Amino acid sequence: MFSCTTRFNCDICGTGYISTCERMSDCISRDWFRRMHRSEGWKTVYGKYDICPDCVKHYGTKYIRNKFKERENNG
């Protein structure tokens, strides 16, 4: 039997969504989640970090980018 689970969480606070499907044709990708929730204020930083609207408002885009750039450099 086939089963897939896709999680889409904020990389700062952990808020997010989950999708579980029993058929391959029903599986949702992370890219789909990104496109779907972009209109709600979700941001993607450096192509791999997803940030919810609350964290964007609280920290600001500049701070978030600097934080993840520092994380990338310290790797």
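This is a predicted model: local features need pLDDT of at least 70, side-chain atom pairs count only at pLDDT 80 or more; totals for chains, interfaces and linings use all residues.
1. Aromatic pairs overall. A search covering the whole structure returns seven aromatic pairs. Two of these are discussed below, one involving Trp32 and Phe33, the other Tyr49 and Phe68.

2. The Trp32–Phe33 pair. The rings of Trp32 and Phe33 are arranged edge-to-face, with a centre-to-centre distance of 5.5 Å and 70 degrees between the planes. The geometry qualifies as edge-to-face because the angle is over 60 degrees. Phe33 has a relative accessibility of 4% and is therefore buried, the cut-off being under 20%.

3. The Tyr49–Phe68 pair. Here the ring centres lie 4.2 Å apart and the planes meet at 20 degrees, so Tyr49 and Phe68 are stacked. Tyr49 and Phe68 are both buried.

4. The setting of Trp32. Trp32 is located in helix H1, which spans residues 30–38. Its relative accessible area is 34%, so Trp32 is classed as partly exposed; that value falls between the limits of 20% and 50%.

5. The aromatic cluster. Trp32 also belongs to one aromatic cluster, together with Phe8, Tyr17, Phe33 and Trp42. Of these residues, Phe8 is 24 residues from Trp32 in sequence, while the C-alpha atoms of Phe8 and Trp32 are 9.9 Å apart in space.

How values were computed: Residues are numbered from 1 along each chain as its sequence is written. Side-chain values use heavy atoms; hydrogens and water are left out. Helices (H or I, at least four residues) and strands (E, at least two) are DSSP runs, numbered from the N terminus. Buried means under 20% relative accessible area, exposed over 50%, partly exposed in between (1.4 Å probe, protein chains only). Rings of Phe, Tyr and Trp (its six-membered ring) pair if their centres lie within 6.5 Å; planes under 30 degrees apart count as stacked, over 60 as edge-to-face and the rest as tilted.
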